[in-house]
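Welcome! Here is a short tour for anyone meeting this structure for the first time. Take a look at the model below, then follow the notes topic by topic.

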Amino acid sequence: MKNESEQGDLQETGRWQSYEANHDPEAGQWESSGISYLTFRSLVLLRRTMDTGVVLLDREETSLSSIMEKIVDEMVQKKEIRPDDRDRVFEALTLNPSLKKPHVLEKLPESSVPVRFIFVLIGSPKDDVDYHETRRAITTLLEDNVFNQAALKAQSDEELNDALTDFLDCSLVIPPIEIRDTTMLAPIIGFQKKLLQERLSLRLLQVPPNPKQIQNVIKCNISAISKVPPPDDPLARTGIPFGGLIKDLRRRYKHYKSDITDAMNAQVLAAVIFIYFAALSPAITFGGLLADKVDNMMGVSELMLSTAVQGVVFCLIAAQPVLVIGFSGPLLVFEEAFYGFCQSQDIEYIVGRVWVGVWLIVIVVLIVAIEGSFLVRFISRFTQEIFSILISLIFIYETFAKLGSIFKAHPLNRNYEHLNASVADPWHPIITHHMPVDNSTGNITTVTTVRYRAYPNTALLSMCLMFGCFSIAYFLRIFKNGYFLPGRIRRLMGDFGVPIAIFLMVFVDISINDTYTQKLAVPKGLQVSNPAMRGWLINPMGEHKPFPTWMMFACFVPAILVFILIFLESQITTLIVSKPERKMVKGSGFHLDLLILVCMGGVGAFFGMPWLSAATVRSVTHANSLTVMSRGPKPEIKKVLEQRISGVLVALLVGLSILMEPILRMIPIAALFGIFLYMGVTSLSGIQLWDRMLLLLIPKKYHPNEPYAQRVKMSRMHMFTGIQIVCLAVLWIVKSSPLSLALPFILILTIPLRVYLSRRVFTKLEMKCLDAGDAKVTFEEEPGVDMYSETQMPL
């Protein structure tokens, strides 16, 4: 009300619930919430108002009119207003709460919270006072928990002013300079945290350490002191054989009924659809690459069937059914190395895997009996990131090596004479039969030779398909975390980026029907990939020749290597998924899940199926898709839908996809190479070692505001990075040598190396900055956030 001729009214224009939200009267809706930012002038005016204005404490009045009457009388007494204006001011302060636009009322919730503070600011419109900003300042002040508690206990004006001074001491002022980029504001966050910590320390010295009071000082910033017993540690050793396994069974199986009923949620169905494609794409990709590595002794059909059967069993009886199991890069590297070893020793590879599986079962039973899962505590970020970059580099190298082999088989020639010399189908190899005669015996021998011909444009089209598939998948991944289009559409396109990329490349390949490209080899139905060499049941004594007895016992060595790989991936993935920040309440079971995974792999070897482990990125994605977030300006995790049904359905759908053989045969191998490259490149994101390797080429003034770059001397940081690079080079040399099977053993040696560095070379602060094991849990609800940054383990 600016003059007496206007009819007064009250209108809600802002609300504070941890964050500020303003009402737009023209649009008739509330704007998005955010952190309150105040002008320095508004704080000065607020301080002046509280110094000279009327302050009434601990009033017993219960109605607005009686409170306003006391305020007006006090204003007259302090000569803030003239006695003649008393009635008009009182009338203005006791208006009926009517709104200018009645239809807005539905969006303005009526609060039933008891009122404890009332702030009245009266002045002339001619005064040089910004009433709106001053109103924002006082409401922000009252929303502060420390000031709020101090105001409740204040017995005088001085105590209230002291609380205001404390608030101002922790407030920051940004000078009037141009802020060119939001990154320039990054140092403010750390400085603000320091101020809040000092404020909290002073507060705790003044207030007795009552848990409830401490919790009210800074909401959600510290944990309340309570007598609640610490949560059960699933990695704690009991000291009795199979003690950890028994604890896992007791901890998890009591929730089995709720594991079924909690799945009755629409969000679970959406997660099934999403994770199905997230699990199917790697199964097809790795299946095709595995078939190429082991001469079709295992391929797409075996991997998809193994993913289906083991996935169903695991989700039904595992302690952490949120985990998604599947094939991974480290296991592919081992299969290639073991196949090469068997070929060099003239041993049947598929039979050797059976004996490796037998030893796997023996090893895992022994490890679970002694509660060996606690060893995962010693696997730090130092080892994880070396292993992750090694696998990523292998992915990238193998992609270009395969592309190079295509260029070698189909070189770019000036003239392809063989295509012009015959009207026969040029896409088939030339088969010739030569029958030499032995002059001494007169015997005739038929020698058949097969010559594969180089075809025009095959290499170029394969290269285009590879880079096209990689580029589309990578772009959609970046697009998912961008700002264009609504969030749901972005996430949908990003989550299905790999299937979209493969589909588009299949369409391109079909459109160019006069150029040959190699396609994915998929058997019909439930046939094995190479029916001429194996069946669905493998004879442990030998398929086509007796299996050496000495090798039956020697398979213990590669079994240890496989166990190490499964142990590393599965246990670390369980640690990531079961972080306290995710608020999972049903617990996990390291010992039980490891026993199930390895035993299934051991039994599956008798059927010629690949070994599987917990897939890190797919598991994190599954957990994220089942997470229920709170509503508001800053969504927080409310709960995770911990259940078994989504994993079972995903595994069944992957198994049924074997019937898609006509469609899978249309996928060009070169497109899968692009996905392989995509996995290698995206696996590098979020790896601190990779970021520090890039910092070797970046001047210090451009280093990020991270502890490892700001709190550690640059020379010391580069020294730590150099040590990891040397370890990486040693692992690459071992991988490329005849001793490639020893790769996991060499990797394990980085654990004692890290212990030595932490005790003799680097300080505790340096190791905490360079080798911190905690990664921030992130979700796709926020733009610019990527789940890949949460894990240091390879895909």
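Let us begin with a pair of cysteines: the sulfur of Cys 342 has its closest cysteine sulfur in Cys 555, and because the two are 7.1 Å apart, they are too far from each other for a bond. Please keep in mind that this is a predicted model. The protein chain has 795 residues, and its secondary structure comprises 32 helices and nine strands.

**Cysteines**
- A disulfide would need two cysteine sulfur atoms within 2.5 Å, and by this rule the count comes to zero disulfides.
- Cys 342 counts as buried, because its relative accessibility is 0%.
- Cys 315 is buried too, with a relative accessible area of 4%.

**The chain as a whole**
- Of the residues in the protein chain, 44% count as buried.
- The chain exposes about 42,200 Å², and carbon and sulfur atoms supply 61% of that area.
- Looking at contacts between residues at least 6 apart in sequence, you will find that 76% of them join residues at least 24 apart.

- Where does Asp 593 sit? You can find Asp 593 in helix α22, which covers residues 590-604.
- Asp 593 is buried and yet has no salt bridge.
- The nearest side chain of opposite charge belongs to Arg 644, at 7.3 Å; a salt bridge calls for a nitrogen-to-oxygen distance within 4 Å.
- Which residues does Asp 593 touch, leaving aside its neighbours within four places in sequence? Its contacts are Phe 314, Ala 318, Ala 319, Gln 320 and Leu 323.

- Ile 179 counts as partly exposed because its relative accessible area is 39%.

**Loop residues with positive phi**
- Phe 242 has a phi near 60 degrees, a positive value in a residue other than glycine.
- To find Phe 242, look in the loop between α8 (211-217) and α9 (243-253).
- With a relative accessible area of 32%, Phe 242 is partly exposed.
- For Asp 295, phi is near 55 degrees, again a positive value in a residue other than glycine.
- Asp 295 belongs to the loop between α11 (266-293) and α12 (300-317).
- Is Asp 295 buried or partly exposed? Asp 295 counts as partly exposed, because its relative accessibility is 49%.

- Ile 687 has its place in the loop between α26 (669-682) and α27 (688-695).
- Although Ile 687 is in a loop, its relative accessibility is 0%, so Ile 687 counts as buried.
- How many residues separate Ile 687 and Ser 388 in sequence? They are 299 residues apart in sequence, while their C-alpha atoms are 8.0 Å apart in space.
- Leaving aside neighbours within four places in sequence, Ile 687 is in contact with Ser 388 as well as Glu 385 and Ile 389.

How values were computed: Residues are numbered from 1 along each chain as its sequence is written. This is a predicted model: local features need pLDDT of at least 70, side-chain atom pairs count only at pLDDT 80 or more; totals for chains, interfaces and linings use all residues. Side-chain values use heavy atoms; hydrogens and water are left out. Helices (H or I, at least four residues) and strands (E, at least two) are DSSP runs, numbered from the N terminus. Buried means under 20% relative accessible area, exposed over 50%, partly exposed in between (1.4 Å probe, protein chains only). Lys and Arg count as positive and Asp and Glu as negative; His and the chain ends are not counted. Contact means heavy atoms within 4.5 Å. Accessible areas come from the Shrake-Rupley method with a 1.4 Å probe; for residues, only the protein chains shown count as cover.
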